[in-house]
Amino acid sequence: MLLAERARQLTVLTEVLEEAARGRGSIALVTGGIGCGRTEFLDAVRQTATRQGFVVLRATASWAERGAQGGVLGRLLRHAEVPADRAGALARELARVVAVGTAAAGDAFERWPADHATGAALHELSIELSRISRKAPVLLCVDDIQFADSLSLHWLLQLVRNLHASRIALVVAECTLSRSAHPRLHAELLRRPHFRRVVLEGLSPDAVAAVLAERMGGAAARALAASCHRVTGGNPLLLRALMEDQGPHSAPLPGGVPGDEPVVADAYADTVLSLLHRGRPPTLRLAQALAVLDERETGTGLPARMLDEEPTTVDECGRALEAVGLVDGARLRHPVARSAVLRSLSAPARRNLHRRAARLLYEDGADALRIAPHLLAARGRPPWAAAVLTEAAQRHVAADRIADARACLDAALAVSRDEGERVSLRAQLAGVAWLLNPSLGVRHFGELTSALREGRLPGRHALTLARQLLWHGRFGEAVEAVRRVAEQNGGPDTDRVTGTEIRATQGLLSAICPSAVASAAPAGDRGPHGIARVRLGGDPRIQAAVALSDVLAHGPGAPAVDGAETALRSMRLGRDTQEWIVCAVTALLFAERTEAADGWCAHWAAQARTRRIPLWEAEFSAVLAGVRLRQGDPAAAQKLAEAALAQVPVESWGVALGWPLAHLVQAATELGDHRAAAEYLAVPVPDGMCSTRFGLHFLHARGRHHLETGRPDDALDDFTACADLMRGWGCDQPALVPWRSEAARAYLRRGDTDTAHALAREQLALVGPARTRTRGVTLRVLAETGDGAERVALLTEAAAILRAVGDPLQTAGALAELGRAHLREGRPGLARPVFETAAGLAGRCGARPLSAVLAAELEASAPPGGRPGGGRPGGESDRVAALGLLSDAERRVAALAVGGCTNKEISQRLSVTVSTVEQHLTRVFRKLGVRARRDLPPDIALDAAPAAPAGSGAGGAVRTPRC
């Protein structure tokens with residue numbers, strides 16, 4: 001297997017044997033890295049020689065025995081396959097040489113040429129070998145010649161000089177990962193006329209594929225060949241180890257193909273260390289230095305200085321590492337190789353190498369990002385490390401490598417002794433840790449708030465601290481932090497940059513905790529409810545916060561929507577904008593621009609995922625869950641809210657926990673999973689949560705759960721709490737939380753229709769005429785307090801609006817109530833198709849409770865013989881079936897008529913004349929067999945939902961329901 005791509009080299013060695021057999025002594029030097037298949041190659045040569053009748057003498061030198069003079073010669077004797085009549089003579093000569101070596105001083109053979117006695121003994125051994133070759137050609141094969149002892153090298157040198165007329169073939173092999181053999185031997189080999197050099201290079205990708213195919217089949221081999229070649233550099237021994245690591249997956253897979261990347265595990269790691277330990281010690285030390293540096297490109301100067309070695313030695317070892325397939329450039333080929341090499345170092349030795357690397361790089365003026373990893377891995381960091389680590393942390397933050405930034409700042413804080421620097425470092429550390437997990441920064445709050453009170457915390461860090469305190473419900477401290485910054489800078493208008501930061505932070509406080517605004521915002525910046533006024537051309541963060549505050553205080557409106565979208569178009573996702581981006585998207589959501597909120601939120605969520613910052617991903621998931629609830633998709637909302645809590649643990653959400661929890665409770669309630677809703681409600685929440693907008697949503701969701709589980713009194717308590725909070729904040733807008741319609745439903749459950757009607761009427765007045773989702777929801781509840789034709793009209797309009805704004809779940813609920821209203825009016829033929837439409841919508845939305853109710857209604861309203869309308873031809877069901885006869889223009893006019901529009905309003909909406917509208921309606925009445933608008937089937941509104949007027953909040957487009 002491992003002789004792949006070795007045919008050409010074997011041919012060269014066969015020629016060497018043939019020349020020796022003809023009496024022209026030949027020499028070959030085989031070179032290659034450790035693991036290149038050199039041993040297998042030499043075995044193949046020896047087998048060929050044996051078949052051709054050669055006497056084979058073989059030996060392998062070793063590093064451990066390089067000082068034992070005559071050691072290689074002794075092994076040649078032990079492995080000799082000499083004819084019996086010459087074996088004794090050869091043994092005597094070898095023994096004589098070995099005896100000379102044993103008696104000599106340790107460095108006697110380091111001198112060239114050898115002394116007279118040694119030379120004579122070596123000469124007699126050569127003569128005896130020549131005598132043997134006269135009877136049969138001789139192959140003398142020495143592996144790892146670079147480790148041969150000096151005495152054996154003396155003899156080989158003498159043999160080479162007298163080889164030309166003999167029948168002796170000399171094949172020596174050396175490893176490029178080790179020091180070359182004695183230069184005199186190399187020089188003598190090169191000048192011989194019958195010398196051959198054979199280089200065993202790494203396997204090509206095609207050869208790797210061929211080797212893999214023997215083990216795992218052709219398809220799998222083709223899939224893995226490129227990656228296996230990249231990991232091993234074509235080294236056969238590493239390739240064999242890699243195949244071991246594949247385990248059972250390396251067996252032939254009929255029709256199956258594994259992944260593109262191989263498993264790299266223990267066998268590969270062990271082989272890497274084995275290769276290095278078989279080489280020279282400087283080579284192992286260089287590999288260790290390269291593993292510590294872990295840089296793709298580096299000159300020999302830095303590793304040489306780290307190791308206190310000559311650059312030429314390091315350069316030679318580097319070439320050897322590359323030849324053996326362990327490095328690519330200046331980096332070990334695979335992280336597993338690097339880990340294995342680092343494990344070969346003791347902990348103190350590893351730290352020492354990192355410390356030396358950091359010092360040398362610092363002295364060379366290297367980039368902070370190159371120095372920082374070594375400072376983190378070392379102990380006993382020098383005083384200059386704090387500045388380097390701080391710079392590296394800032395670079396990491398800019399590249400969204402938040403965990404790396406936190407590690408650098410932690411180390412810098414441990415090194416720094418300057419109090420001012422330590423305060424700044426601690427503030428930066430808290431801010432960076434915040435992005436990973438908001439709870440991680442809490443441990444720094446004590447020292448930072450003390451520094452703030454003492455005037456030692458810079459303004460920009462103080463404002464960041466204010467936002468973090470706000471998140472954790474420490475509202476008074478957050479307000480105090482903003483106030484102190486304003487005072488220290490002589491008011492927000494003194495320093496334009498700081499003033500902008502102050503107003504942006506105040507706007508954020510206003511949007512999250514409106515009760516904090518009164519004390520946080522300067523009097524000149526407060527509106528009627530303490531909301532900061534928009535300043536034309538101002539910072540987009542201020543525009544975003546003010547847009548949300550405006551929606552909370554005044555409800556949906558064009559100025560707030562325009563401000564939010566302008567801010568979103570002006571900002572890029574970053575540490576200084578993310579919270580305000582959430583504000584702007586939330587403003588669109590509460591302004592009933594669900595489609596726009598969906599698009600923007602999906603855009604920012606995708607960016608957050610790309611940048612892999614957990615807090616951002618979690619917050620955008622929570623916002624998107626709210627969008628999905630308003631789009632009638634509770635199942636998707638539940639998944640998004642669960643993902644948000646998976647990204648950031650519950651205990652780290654602070655007061656913002658109310659939002660994902662509220663979405664989970666509401667989604668579970670809509671889906672009929674009341675047990676899950678109760679479990680979500682049992683999650684402990686921060687004390688200050690209900691003082692924030694997030695707590696408001698939580699109370700609303702809990703009230704919904706109580707209402708759907710038969711506890712209207714508990715529900716009223718929660719809805720009343722919502723009312724108190726919203727009125728106290730000056731944010732009593734139904735688009736935020738429609739507490740009146742929910743309370744009205746609770747009163748209806750208690751049998752108090754009058755109170756319910758009053759609340760629904762009050763909410764309808766606040767909502768206004770715009771065809772928004774909140775208006776549709778309000779009309780549903782108002783219809784429940786009415787009767788007869790009024791109920792049908794209200795529910796018909798509600799269904800049309802809810803379908804138009806893209807909430808299929810609310811649409812299904814409105815249609816269910818409309819169907820029941822038709823039954824009360826004695827029109828079962830109209831009721832059944834409405835129930836069918838509602839059941840389809842509820843089923844696609846996963847609303848099990850509503851689906852169960854509708855299934856019962858359909859079963860109860862099933863006509864005799866299965867024919868709608870009781871089997872009477874010409875009944876209402878036939879008129880419903882005639883919907884298919886209407887043209888598109890007639891459907892649009894009829895849909896608007898069903899929705900309650902007058903002929904003049906229809907003409908304005910569709911840009912046609914009033915006369916054209918009248919003509920269309922006449923044809924519609926005739927085709928459907930009805931006499932008045934009230935008899936038009938509601939399905940028209942569902943199939944051709946009217947376009948919303950400009951500024952209505954529906955975005956001017958019909959949206960396909962998300963179910």
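Q: Why is Trp-434 called buried?
A: The relative accessible area of Trp-434 is 7%. Buried means under 20%, exposed over 50% and partly exposed in between (1.4 Å probe, protein chains only), so Trp-434 counts as buried. This is a predicted model, in which local features need pLDDT of at least 70 and side-chain atom pairs count only at pLDDT 80 or more, while totals for chains, interfaces and linings use all residues. Residues are numbered from 1 along each chain as its sequence is written, and side-chain values use heavy atoms, with hydrogens and water left out.

Q: What makes Trp-471 buried rather than exposed?
A: Trp-471 has a relative accessible area of 9%, so this residue also falls under the limit for buried.

Q: How many aromatic pairs does a search of the whole structure find?
A: There are five. One of them joins Trp-434 and Trp-471, with 5.3 Å centre to centre and 75 degrees between the planes.

Q: What does the pair of Trp-434 and Trp-471 tie together?
A: Trp-434 is in helix α20 (residues 419-436) and Trp-471 in helix α22 (residues 459-471), so parts 37 residues apart in sequence are tied together. Helices (H or I, at least four residues) and strands (E, at least two) are DSSP runs numbered from the N terminus.

Q: Which residues form one aromatic cluster?
A: Trp-434, Trp-471 and Trp-653 do.

Q: How do you know that Arg-541 lies over the face of Trp-580?
A: A charge sits over a ring if NZ of Lys or CZ of Arg is within 6 Å of the ring centre and within 35 degrees of the ring normal. Arg-541 is at 5.3 Å from the ring centre and lies over the face. Likewise, the charged end of Arg-693 sits over the ring of Trp-659, 5.4 Å from its centre.

Q: What makes α28 roughly antiparallel to α29?
A: Helix α28 (residues 578-590) and helix α29 (residues 594-611) pack at about 155 degrees, with axes 7 Å apart. Axes are lines fitted to C-alpha atoms, for helices over the stretch in contact, and angles run from 0 to 180 degrees between N-to-C directions. Under 35 degrees is roughly parallel, over 145 roughly antiparallel, 65 to 115 roughly perpendicular and the rest oblique, so α28 is roughly antiparallel to α29.

Note on methods
Phe/Tyr/Trp six-rings, centres within 6.5 Å; stacked < 30°, edge-to-face > 60°.
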